[in-house]
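Please take a moment with the sequence and the three-dimensional view before reading on.

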Amino acid sequence: MFPTIFTKHNIEFDPTKCVGCGLCYKACFVDVIRWDAENRKPVFKYVEDCEHCFYCQSVCKKEAIRVVPNYASERLLQSFPQYK
Ligand code: SF4
Ligand code: SF4
């Protein structure tokens, strides 16, 4: 068996601080953050795909986003065939 690390992340979002600039949506290189054009707010859609790169948190000048990795429940399948 290969080692398995379980990943689960939390993203905290405070809509009262959000000014609808859309930078977090543009920053997310995976499909975690979608954009609600009508309400001008990010939608955190596929949180399980979060790579906890912190880009969204970094670009948000209003500190409306906080990425909270849960390292205790990491879910990341790693294969090391050389250690079979
Ligand atoms: S970067 Fe911050 S202020 Fe801009 S849309 Fe995202 S959460 Fe809102
Ligand atoms: S931490 Fe990275 S991958 Fe996760 S939602 Fe933010 S920009 Fe997307």
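The model shown here is predicted, and the protein chain in it has two helices and four strands, which, read along the sequence, follow the pattern β-α-β-β-α-β. Of the 84 residues in the protein chain, 12% are buried. Among the contacts in the protein chain with a separation of 6 or more, residues 24 or more positions apart account for 61%.

The protein chain averages a pLDDT of 81, and 73% of the residues score at least 70. Confidence is highest in helix 1, residues 23–27, with a mean of 97, whereas it is lowest in strand 1, residues 4–13, with a mean of 65. Over residues 1–7 the pLDDT stays under 50, although the model has 15 contacts beyond four places in sequence for this stretch. Where pLDDT is low, the predicted coordinates should not be read in detail.

Strand 2, residues 33–36, and strand 3, residues 41–44, pair in the antiparallel sense over four bridges. Two of the facing positions can be located by name: I33 stands opposite F44 in strand 3, and D36 stands opposite K41 in strand 3. Four residues lie between the strands of this hairpin, and in the hairpin R40 takes a positive phi near 50 degrees.

When residues up to four places away in sequence are not counted, Y46 touches D31 and V32. Y46 and R34 are twelve residues apart in sequence, and their C-alpha atoms are 8.8 Å apart in space.

The loop between strand 3 and helix 2, the latter spanning 55–59, also holds H52, whose phi is near 40 degrees, a positive value in a residue other than glycine. H52 counts as partly exposed because it has 17 C-beta neighbours inside 10 Å. Further along, E63 has its place in the loop between helix 2 and strand 4, the strand that covers 65–77. E63 is not a glycine, yet it has a positive phi of about 55 degrees. With 9 C-beta neighbours inside 10 Å, E63 therefore counts as exposed.

The ligands remain to be described. Around ligand 1 there are 13 residues, of which C18, C21, C24, C60 and A64 come nearest. By class, the shell around ligand 1 is made up of ten nonpolar, two polar and one charged residues. Ligand 2 is surrounded by 14 residues, the closest being C28, V32, C50, C53 and C56. Twelve nonpolar residues, one polar and one charged form the shell around ligand 2.

Key. Residues numbered from 1 in each chain as written. Chains lettered and ligands numbered in written order. Predicted model: local features only at pLDDT ≥ 70, side-chain atom pairs only at ≥ 80, totals over all residues. Near = placed C-beta within 6 Å. Nonpolar A, V, L, I, M, F, W, Y, C, P; charged D, E, K, R; others polar. pLDDT = per-residue confidence, 0-100. Contact = placed C-beta atoms within 7 Å. Pairing = 2+ DSSP bridges. Buried ≥ 20, exposed ≤ 12 C-beta atoms within 10 Å, placed from the backbone.
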